Amino acid sequence: MSSIRHILILVCAMFAVTTMAQRRITPVANPENKRPETETPVVKEVKPGETPVRPASVIETHDMEGRVVLVDTISGVEYHDTITVKAPPTVYPRFAAVSVGVNAWDALARLAGQQYGVGGVWAELSIHNWFKPIVEFGLGMADYMPKDESYRYKSGMAPYFKIGLNYNFLYNSTPDYSVYLGLRYGISSFSYRIEDVTAVNGYWDESTTLSVPSQHATAGYFEFLFGLRVQIWRNISLGWELRVHKLLHQGTHLYGDPWYIPGFGTDGSLFSGAFSVSYTLPFQRTSKKSTISEMEN
Amino acid sequence: MAGFYSYTTLSPISVNKISLGGVDAPDDSLIINNASASEVYLPFRAEHDETQFYIHYHSRGIDDSAFNDTLTFRYNRLPYFASEECGAMYKYEVKEFSSTYHLIDSIALLDVNITNTDRETIRIFFRTYTEPPEEDTDDSENTDDSVDSANRNML
């Protein structure tokens, strides 16, 4: 009986030792997830009156209305801040002014001996003194004879139309000065003919006089330009433009393509210019200083 | 501009020892005078609706005028403005063309509109043959008569 009691005590002791050993093997909590109490929290707490630090991946830019836009460059997500930003930075109103002008480039060039071109008038709407849609109407003609007088190229008076847009880089500066890039699409419908042509064939010892019949053409072209405009007196301004142009379409012609295109210039030329005298009528008298002070207030 | 071609290989060739001129040209002036050529500018007459050219071969055995070839072009003259530099001229719309076929095999027009630009619009195919490889390299006279460096000779 005593031996049976000793065996039972021994078995109970073995179970007790085994249970204690298992409790030591299984951890109560994952030590990797346990943050020391001294470590900085992941999300920094912003104390009252302290400016939050923006992550380096978030950049600040502005939209067309001048509002601040925060862009996360990693995810590409944009955040439009409509609360903290007070006012758009554009100084001038949406419809700031309208300008009308006369392009006198060809008229001046004709005084210097150019045998083509007449001139044009244009009207421009200033939006925030920033973007300026523009339309232009003009007339062109040519009566050209080369130095060797081997032919006379004639193109009667014909209209041209242009439509486009200027981008003013000084949109928040005074409107007295403009530095801008512009795009234009122009189109013209006109007739042309070549007279008094002398064709010499040296081998056959023949000299022939001929004329190329009148032909009609409708040509469209594209212009990219850089311009400056300066107000010289009250609302009168002078403007200069350097234009790079390319013919887009003109059709096919049995007796040869036109050489002069109203509003475009001569075929084969890459550049043209413009010199304008213009008058600006502001829709709203806006003082830049007062506007900025209003924004600051 | 007319280019010379072999009718067997259809590839460009240089024809040796030919004279080419216009029929009824003033002072019998020549465009090519006893020289080799691979192409030639053929000036059409601006005061007529037809122009003829002849080719005389100077190579041995075919240098008789009976072997001359004559090319005839009939056309409409269209006044044409080319550019500010070139001015205006006639553009010739070829209605029909013909040739004698002594050494010429055929003529092809790439474009019926002929202008004075440096663009090949006429192809003249000559009868040619390929010389067999020569064993005797001292025969210098044969070399003189060769049409081009590729050993293609006119028949």
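## The elements of chain B

How many helices and strands are there in chain B? Chain B holds 1 helix and 12 strands. Here helices (H or I, at least four residues) and strands (E, at least two) are DSSP runs, numbered from the N terminus. Reading from the N terminus on, the order in chain B is β-β-β-β-β-β-β-β-β-β-β-α-β.

Before going further, please note that this is a predicted model, in which local features need pLDDT of at least 70, side-chain atom pairs count only at pLDDT 80 or more, and totals for chains, interfaces and linings use all residues. Residues are numbered from 1 along each chain as its sequence is written, while chains are lettered from A and ligands numbered from 1 in the order in which they are written.

## Strand S6 and its partners

Strand S6 of chain B covers residues 69-83. Strands S5 (residues 50-57) and S6 of chain B pair in the antiparallel sense over 6 bridges; two strands pair if DSSP finds at least two bridges between them. In this pairing, Phe53(B) stands opposite Leu71(B) of S6(B).

S6(B) also pairs with strand S7 (residues 87-99) of chain B, again in the antiparallel sense, over 12 bridges. A hairpin of 3 residues joins S6(B) to S7(B). Leu71(B) stands opposite Ser99(B) in S7(B).

## Burial and the nonpolar core

Of the 155 residues in chain B, 23% count as buried. A residue is buried if 20 or more other C-beta atoms lie within 10 Å of its own, exposed if 12 or fewer, and partly exposed in between, with C-beta atoms placed from the backbone.

A nonpolar core is a set of buried Ala, Val, Leu, Ile, Met, Phe, Trp, Tyr and Cys residues joined through C-beta atoms within 7 Å. The largest one has 41 residues, and those with the most contacts inside it are Tyr153(A), Ile194(A) and Ala88(B). S6(B) gives the largest share of this core, 5 residues.

## Where chain B touches chain A

Which chains supply the residues of the contact, and how many come from each? Chain B gives 19 residues and chain A gives 19 residues. Two residues are in contact if their C-beta atoms, placed from the backbone, lie within 7 Å.

On the side of chain B that touches chain A, the elements giving two or more residues are S6 and S7 of chain B. The largest share of that side, 5 residues, comes from S6(B). By class, the side of chain B has 13 nonpolar, 3 polar and 3 charged residues. Ala, Val, Leu, Ile, Met, Phe, Trp, Tyr, Cys and Pro count as nonpolar, Asp, Glu, Lys and Arg as charged, and the others, Gly among them, as polar.
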